[in-house]
Amino acid sequence: MYMRNSHKKRTKVAPDEPKRAQRMVCLMSEEEMRIVDRYLRKYRITNKSRWLRETVLMFIYKNMEEDYPTLFGEHDMRR
């Protein structure tokens with residue numbers, strides 16, 4: 001399997017890399033879509049799918065690190 005990088009050259013994908021077979025659909029308003037498109041143009045991002053996937057996963061991973069389980073609730077800890 002081949003994948004395009006930002007230089008438009010094809011590079012081989014490692015055979016142990018998982019295949020992405022699950023589809024996720026998100027609906028946006030025209031204004032939201034314009035905002036995303038403007039951001040992608042500004043930062044010269046050509047692979048929208050990869051950017052969206054990585055952005056969502058980074059947000060989730062960051063929240064998971066900050067939202068670790070505690071012995072007490074936040075209210076009890078602030079006392």
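**Notebook: ring pairs, salt bridges and a nonpolar patch**

I began with the aromatic rings and found Y39, Y43 and W51 linked into a cluster by ring pairs. The model is predicted: I took local features only at pLDDT of at least 70 and side-chain atom pairs only at pLDDT 80 or more, while totals for chains, interfaces and linings use all residues. Residues are numbered from 1 along each chain as its sequence is written, and side-chain values use heavy atoms, with hydrogens and water left out.

**Entry: rings**

I looked up two aromatic pairs. Rings of Phe, Tyr and Trp (its six-membered ring) pair if their centres lie within 6.5 Å; planes under 30 degrees apart are stacked, over 60 edge-to-face, and the rest tilted. Y39 and Y43 form a tilted pair, 4.7 Å centre to centre with 50° between the planes. The pair of Y39 and W51 is tilted because its planes stand at 35°, with the ring centres 5.5 Å apart. Y39 sits in helix α1 (residues 30-42) and W51 in helix α2 (residues 48-66), so this pair ties together parts twelve residues apart in sequence. I took helices (H or I, at least four residues) as DSSP runs, numbered from the N terminus.

I then checked exposure, where buried means under 20% relative accessible area, exposed over 50%, and partly exposed in between (1.4 Å probe, protein chains only). Y39 is partly exposed at 38%, and Y43 is partly exposed at 47%.

**Entry: salt bridges**

I counted three salt bridges, each needing a side-chain nitrogen of Lys or Arg within 4 Å of a carboxyl oxygen of Asp or Glu.

- K48 bridges to D37, with the closest N and O atoms 3.2 Å apart. This pair links distant parts of the chain, since K48 is in helix α2 and D37 in helix α1, eleven residues apart. D37 is partly exposed at 26%, as is K48 at 35%.
- E54 bridges to R50 at 2.9 Å between the closest N and O atoms. Both are in helix α2, four residues apart, so about one helical turn separates them.
- E17 bridges to R20 at 3.9 Å between the closest N and O atoms. R20 is exposed at 55%, whereas E17 is partly exposed at 33%.

**Entry: nonpolar patch**

Which residues make the nonpolar surface patch? I noted L52, V56, L57, F59, I60, Y61 and M64, giving about 670 Å². Patch residues have over 30% relative accessible area and no salt bridge; nonpolar side chains (Val, Leu, Ile, Met, Phe, Trp, Tyr) are joined within 5 Å, like charges within 9 Å. F59 lies in helix α2 and is exposed at 53%.

Key. Helix = DSSP H or I, 4+ residues; strand = E, 2+ residues; numbered from the N terminus. Areas by Shrake-Rupley, 256 points an atom, 1.4 Å probe, with all protein chains shown as cover.
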